[in-house]
Amino acid sequence: MAKEPNSNLSTTTTTTTTNNNKLFSIMLQPFRWLKMLSTELHPSFIAGVILIYGLSHGFSGSYFKVVSDYYWKDVQKLQPSVVQIYIGIYTIPWVMKPIWGLLTDAFPVRGYLRRPYFVISGVVGATAAVGMAVKGGLGVLEALGLLIGISGAMAIADVTIDACIVRNSIEVQWLAQDLQSLCGACSSIGHLIGYSTSGFFVHLLGAQEALGILAIPPALVVLLGFFIHETPSPTLQYNGKSKGGSIKQVGVAIRDTCKAIKYPHVWRPSLFMFLCLSLSISTHEGQFYWYTDKKAGPAFSQESVGLIYAVGSAASLIGVLIYHKTLRDLKFRRILFFAQLFYGVAGFLDVIFVLRWNLALRIPDELFVVIEECVTRIVTRIRWTPMMVLNTRLCSVGIEGTFFALLACIDSLGTLCSKWSGGLVLHAFGVTRSDFRNLWLVVLLRTVLRFVVVGFVFLVPDANQTDILIPGDHTMVRKSSSEDGDNIPLVSMKSEGRD
């Protein structure tokens, strides 16, 4: 009997140790996952994905969004509908992604297909950001041109790393979902940092000067162009003799791209993704102006706006986790049907907020907007990730940069239509810098259109996320050229399946 207390103490200690080990094991899982990806692929490739999606796409994209909004509102003093049109204009470099894709597939520099375009992207982005920050008294057109330069640099870096991702997703198919989860996680963390710091730098430096911070990520992208693994090929050395071959390769890439887009399993889901984005008209600028208005809106401060978006980005990580752990084995059509349905339901939270019904429910503005942002970001991430997996399933080796860029271009066209149509609707309903009486109607219209998209889910193939969706004779477009050494391996492949 005297030994029972010691026995209980020993049991308690053992249980505590076991729980601590489990917690430690859970904390190590992301690092083990990254180690697995680096082992199966190449460490510099994984570092490149983290850099582009985390810093260039994630941080720069979110930081750029908030700071440029304040720049147009406080420095240029434009109406929200006009700003939305301008935002659509500097989305155009993203619409041009097939051109960047053609360059990275067919126009090598000193035998390299990817490295030079990272360097070009970094130089253009850093130059535009510095010019934006240091040049005072910019006119609207000058500012728009520099912002297009910043956006274009992001687009070129994005399409270049996407070509690498697609190539690896084709060659090591069982890692396709893992790569998209990595992209989503890096993007969400980058957004979290970008949003949380944007308001602080706007308050500290001013909207125009704060844009100079955007020169840092492109400078790192330049370094990526020198260390990412890519084996140069003598047959791809760009000189006078090979110029004709590169032009011929462009023709081959365009021909194969046109051939691939004609397959029903390709154009049908592409059409769905376009409708999914274009029909959900953007009301962002109207809501942003309302957020910061001291009379009609909740009058959020600069820091608060950034933190609200940052909380949403943190919630987006939950969306990545939910997809990675529970939804990656569902069929494309099923997951996109329910994701789009919940996306429409989430839109009603914006309607409630703009009408201030949350105050009638005794929910403070700060709490309600955080709830709304978190729900929307989680659903958006769950909705977007399988779309990116689907895009990788539609690509072929040899034109992976061009074709994935074409699919991304279709998505960007949808976003462009969403921005411009949203700006026109804001203007038509009389939403201005100070008049927000009809903003709720615009948000309601946007929400209803989200439900309309559900009716087009039949365009998505009823296939598993691991299925090959294009005909077998189109999966190796450059097979013959790869035998000659023209097909540059970006990373070394060490396994073709799970252990």
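This is a predicted model: local features need pLDDT of at least 70, side-chain atom pairs count only at pLDDT 80 or more; totals for chains, interfaces and linings use all residues.

Visitor: Which residues meet in helix 8 and helix 17?

Guide: Helix 8 contributes residues including Gly 184, Ser 187 and Tyr 195. Among those from helix 17 are Arg 377, Arg 381 and Met 388. By class, the contact has four nonpolar, seven polar and three charged residues.

Visitor: Why is the pair of Tyr 195 and Tyr 309 called tilted?

Guide: The ring centres of Tyr 195 and Tyr 309 are 5.0 Å apart, with planes at 50 degrees. Pairing needs centres within 6.5 Å; stacked means planes under 30 degrees apart, edge-to-face over 60. The angle of 50 degrees falls in the rest, so the pair is tilted. Tyr 195 sits in helix 8 and Tyr 309 in helix 14, 114 residues apart. Both are buried.

Visitor: What makes Phe 288 and Tyr 289 an edge-to-face pair?

Guide: Their ring centres lie 6.1 Å apart and their planes stand at 75 degrees. That angle is over 60, so the pair is edge-to-face.

Visitor: How do you know whether Phe 288 is buried or exposed?

Guide: Buried means under 20% relative accessible area. Phe 288 has 1% relative accessibility, so Phe 288 counts as buried. Tyr 289, at 2%, counts as buried too.

Key: Residues are numbered from 1 along each chain as its sequence is written. Side-chain values use heavy atoms; hydrogens and water are left out. Contact means heavy atoms within 4.5 Å. Helices (H or I, at least four residues) and strands (E, at least two) are DSSP runs, numbered from the N terminus. Ala, Val, Leu, Ile, Met, Phe, Trp, Tyr, Cys and Pro count as nonpolar, Asp, Glu, Lys and Arg as charged, and the others, Gly among them, as polar. Rings of Phe, Tyr and Trp (its six-membered ring) pair if their centres lie within 6.5 Å; planes under 30 degrees apart count as stacked, over 60 as edge-to-face and the rest as tilted. Buried means under 20% relative accessible area, exposed over 50%, partly exposed in between (1.4 Å probe, protein chains only).
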